[in-house]
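Subject: The structure for you to look through

Dear colleague,

Here is the structure I promised to hand over, and my notes on it follow below. Please keep the viewer open while you read, so that you can look up each residue as it comes.

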Amino acid sequence: MVLYKLEDFEPNYQDNFDGHDIKGLGVYTQGTDEKIGTVSDVLVDEEGHFRYLVVDLGFWIFGKKVLLPLGRARIDYNVDRVYTVGLTREQAEDLPEFNERQTLDYDYEERVRGVYRQPTDYSPVGASAALDPLATPAALDPLAPLATTPTYARDSYTYENEPSLYGLNEQDHQTLRLYEERLIASKRRQKTGEVTIGKHVETDTARVAVPVERERVVIERVTPADAGTAVSGREADFREGEVARIEIHEETADVRKEAFLREEVRVRKVVDQDTVETQETVRREELDVNSGNLPVEER
């Protein structure tokens, strides 16, 4: 496995980092926030994958440079800092010094890896997963010590054998959930009023014309044709007190009232369909990516 300096592998690497340079970033211990040095260089493999950060331990051990595997580093893009994951001062003292003129062969890297494999004070969570060559970074706690020192073959070793050292640590695999608000339309039935329907009696004066008949007596005196003709004594019958009677009748209006059905009123309800539009301010979370000094690919 051949390692290259980042600048030798890609002279214009800063173009991929928006003009920023990862070299020169301060290196701090995670948790205590103690500055231990600065990043002086980056080593990449044949495919350009980051494998080591070259850290100048000037704040811990003056003049000593060591290799920090990428899996034991966490880059905070917001403050341009690099945090070491589980690196102690004792390990820093045991790490072989990095020399640019020295050949970085398998034996040298094994010396580096041997220090980081040493058990520390960390909780032994994930130790068995670290020994599994097929273990993924998500299944591995980079802070967990190894129960035993693993052995690898020189000719078959790959960086994927130890994701705790060369895989992105869990803090670089965090999941952000983006939320948004939506308008959920529903209907609520409510009473808007009441309609009362009843009846009352109104009075009015009705007029009706009824034709009636009335009888009256008409007395006519006429001269008979044989007037002046003498009659016999038998015919001339003079009677005292003779009276003629005739009944007189008339009609009067007889008015009575009867109730009739005039109309029928039916009361029912109908439902009218309508569309009511309303608006409300809703919120949605969008992702802000600050790439800092590293390239970010969104999928």
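A search of the whole structure, which is a predicted model, finds 20 salt bridges. As background, side chains of opposite charge can pair when their charged atoms come close. One of the pairs is E100 with K5, whose closest N and O atoms are 3.0 Å apart. E100 lies in the loop between α2 (89-94) and α3 (106-117), while K5 belongs to strand β1 (residues 4-5), so this pair ties together parts that are 95 residues apart in sequence. K5 has a relative accessibility of 24%, and therefore it counts as partly exposed.

A second salt bridge is formed by the side chains of E180 and R182, again with a distance of 3.0 Å from N to O. Are these two residues buried or exposed? E180 has 40% relative accessibility and so counts as partly exposed, whereas R182, with a relative accessible area of 65%, is exposed.

Next, please turn to the strands. Strand β4 (residues 50-56) is mostly covered, as 6 of its 7 residues are buried. Which strands does β4 pair with? Strand β3 (residues 35-44) runs antiparallel to β4 and is joined to it by 6 bridges, and one example to look up is V42, whose bridge partner in β4 is L53. β3 and β4 form a hairpin with 5 residues between them, and in the turn G48 has a positive phi of about 85 degrees. β4 also pairs in the antiparallel sense with strand β5 (residues 65-69), in this case over 5 bridges, and there V55 stands opposite V66 of β5.

D33, which is found in the loop between β2 (26-29) and β3, has a phi near 60 degrees, a positive value although the residue is not a glycine. With a relative accessible area of 40%, D33 is partly exposed. D80 lies in the loop between β6 (73-76) and β7 (81-84), and its phi is positive as well, at about 55 degrees, in a residue that is not a glycine either. D80 is partly exposed, because its relative accessible area is 39%.

Where in the chain is V267 placed? V267 comes in the segment after α5 (163-166). Its relative accessibility is 60%, and V267 therefore counts as exposed, since a residue is called exposed when its relative accessible area is over 50%.

With kind regards

Definitions and conventions:
Residues numbered from 1 in each chain as written. Predicted model: local features only at pLDDT ≥ 70, side-chain atom pairs only at ≥ 80, totals over all residues. Heavy atoms only, no water. Helix = DSSP H or I, 4+ residues; strand = E, 2+ residues; numbered from the N terminus. Buried < 20%, exposed > 50% of the residue type's maximum accessible area, 1.4 Å probe, protein only. Pairing = 2+ DSSP bridges. Salt bridge = Lys/Arg side-chain N within 4 Å of Asp/Glu carboxyl O.
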